[in-house]
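Me: I have a new model open and want to talk through how its parts touch. Can we start with the helix packing?

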Amino acid sequence: MYRYDQYDQAIVDARVAEFKDQVARRLRGEITEDQFKPLRLMNGLYLQLHAYMLRVAIPYGTLSGTQMRMLAHIARKYDRDYGHFTTRQNIQYNWIKLEQFADLLDDLSKVEMHAFQTSGNCIRNISSDQFAGAAADEVADPRPYAELLRQWSTLHPEFSFLPRKFKIAVIASDTDRAAIQLHDIGLQLRRNDAGELGFRVYVGGGMGRTPVIGSVVRDWIPVGQFLSYSEAILRVYNRHGRRDNIYKARIKILVNELGVEEFTAQVEAEWAELAPLGLDAPQAEYDRIIAQFAPPAFDLAAPDTLDLSDPDFAVWVKQNVHAHKAPGYAIATISLKPKRGIPGDASSAQMDAVADLAEKYAHDEIRVTHSQNLVLAHVKKADLYALWQGLDAVGLATPNLDLVSDIIACPGMDYCTLANARSIPIAQKIAAKFEDLETQRDIGELKIKVSGCINGCGHHHAGHIGILGVDKKGEEAYQLLLGGSGAEDTTLAKILGPGFDEDGIVVAVEKLIGFYRGARSGPQERFLDTYRRLGPAPFKEAVYG
Amino acid sequence: MVDHQDQQAVAGAASPPLDDAPARLRFRSDAPFESPIAPLADFLAGGNFAAVRVDPGEDVRTLLPHLDRLKLVEIAFPKFRDGRGYSSARILREAGFEGEIRAAGDVLVDQLGFMRRVGFDSFAPNRPLDPAVVAATLARFPHVYMKAADGLAPVWALRHQAGA
């Protein structure tokens, strides 16, 4: 894991001091709320329905046990004893008091954490693959490059007042676990025939009001130049992105209005100006950061076998454990989607338990996934049973990864000022309909994603089944979308037909799943595959017929 | 160095009330340039001007062939949230412009650090800035992560300088 050096710590400390000063000047009335708003947003502080919401950055979703324990401490001391892990691999607290905020920032900075650029019209926290460093199919660990991006984008003087927010994701394998084609910039690390590393660069993806799949603007940029190339993309966006309409201000609109060819030509022209200026970090800096992400010293003698005689454990292993690149090791996903739970929520006790288990069994490293789950990436197979028991003791051993009850949901109208409808109760009601694990396993991989408004924080466009809450003449209503994917085969879900009320949407999902189970070609055909094979018509008939 | 000599009015009228005049901040040692500032279109139309004003939607690169006869480029910030002017300033510095680049308009103290980094060296904010807050703001960050137009070495350079 990356550790701060004196420079990183000095910058974070200065940034915390700066924001404390800004808060003090706001409280003295020296700056208006309108002037203060972008300052607090760039420090992760939102004013929500009931209180301030704070979004703490978890760079590329990786944190240590110590850091997780601090997140638990913050939940206990400043919130109502829980936190909410987000689809951007961050954590949100929903009940923060402004007068305690300075102390909270101090607590975070003690463990090399902060809330910078988790909101606002700037380059946001960089996201990445939760299996980084452990997946057999990656060409290299993508996180050093995400860290280079983190540093490059922190307090960037030219790009702190962009037309709109800007999200970057980095992966290093053909399997996309980070939805890079749905980001403003998606970077896929690849290795060429000469053994060199470079990025394929997608630009202009995004969800929200106008969902767009990113376009490849460059098939290869050498790793040594990807920061200056990113700078060129951001400059074209900062200069030419629309500022007349907040709903048309994301880079995807600029790419669409210019066309990919013209946009690419402008980026290349800008890069031609920037490339000679020495903006890229030197190889020594790459080496320094890469060294900090060196894999743990794997025990080469670790047994590669697993005792699956406990049937409950066996089910969890089958559903929540993935193959690791090192023999004798495995990747374990901790579901934050327990029965009747709130997707992505964890109590302080659960966070502490995960911290303990990570230190004991997983080389002190935890990942947050964009599906609002947690991952322990390096677990000895011999330790999996003890890990599972430890998780089970705190209600974190739900074996439902990627199943129908593993639902992404935004906070919705229970918390959010933007929402038109509640998301959490919809997710809970659907999950309750399929509580029986055998049924869930029979249905197989099915990604349901629920957003409480058109901004799409619940990724409904990328759901195999997407649900969008809307306001229909003052009533909460829900649109039904099918066929989305945020994986390497990215597709955007399409509206199936007229919307429903709260109970109606749950019934509609039941009908869809019922139809799918009868129509699939075999147990291996996922819901999404059946939809792609048959098209929307028979699904529509099943729901509305 | 902050040159406070023209913190007060410079607009020409005799002793205008402080509130009516922009309170300037200037970080240059040469004499302030006080001739008329032309709108970009007038300048490009061939007028004999040494100072030009660039609005947010205007392409600062149209000035690049003329930099040698420009002493001042004033970049307008009608709204502080419109960040296009940051790119404009940095593009001028990248092209080698050494004259004055002034940020004018809705310029707030919490933007000054960023503005200095992209190459602004004078400021004409709509409302006067508190000198103590300005000083604290500009002294805030001991290090920077990335290169810009101010010549500061990013931390990656400090980390790997010879003998470090």
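Reply: First, how angles are taken: axes are lines fitted to C-alpha atoms, for helices over the stretch in contact, and angles run from 0 to 180 degrees between N-to-C directions. Also, this is a predicted model.

Me: Fine. At what angle do H13 and H15 of chain A pack?
Reply: About 40°. Helix H13 (residues 424-433) of chain A and helix H15 (residues 502-519) of chain A have their axes 10 Å apart. That angle makes H13(A) oblique to H15(A).

Me: Is the crossing of H13(A) and H15(A) left-handed or right-handed?
Reply: Right-handed.

Me: Which residues make the contact?
Reply: From H13(A), A:Ile426, A:Lys429, A:Ile430 and A:Lys433. H15(A) brings A:Glu502, A:Ile505, A:Val506, A:Val509 and A:Glu510. By class, that contact has five nonpolar, no polar and four charged residues.

Me: Zooming out. Into which domains is chain A divided?
Reply: Domain 1 (6-110), domain 2 (134-289), domain 3 (311-393) and domain 4 (408-544).

Me: How many residues of domain 2 of chain A are in contact with domain 4 of chain A?
Reply: 11 residues of domain 2 of chain A, against 11 residues of domain 4 of chain A. On the domain 2 side, five are nonpolar, three polar and three charged. The centres of these two domains of chain A are 30 Å apart, over C-alpha atoms.

Me: Now the chains. How many residues does the contact take from chain A and chain B?
Reply: 33 residues from chain A and 27 residues from chain B.

Me: Which element gives the most on the chain B side?
Reply: H2(B), with five residues. Overall, the side of chain B that touches chain A has 13 nonpolar, four polar and 10 charged residues.

How values were computed. Residues numbered from 1 in each chain as written. Chains lettered and ligands numbered in written order. Predicted model: local features only at pLDDT ≥ 70, side-chain atom pairs only at ≥ 80, totals over all residues. Contact = placed C-beta atoms within 7 Å. Helix = DSSP H or I, 4+ residues; strand = E, 2+ residues; numbered from the N terminus. Nonpolar A, V, L, I, M, F, W, Y, C, P; charged D, E, K, R; others polar. Domains from an automatic or database assignment. Parallel < 35°, antiparallel > 145°, perpendicular 65-115°, else oblique. Left-handed = near helix turned anticlockwise from the far one by under 90°.
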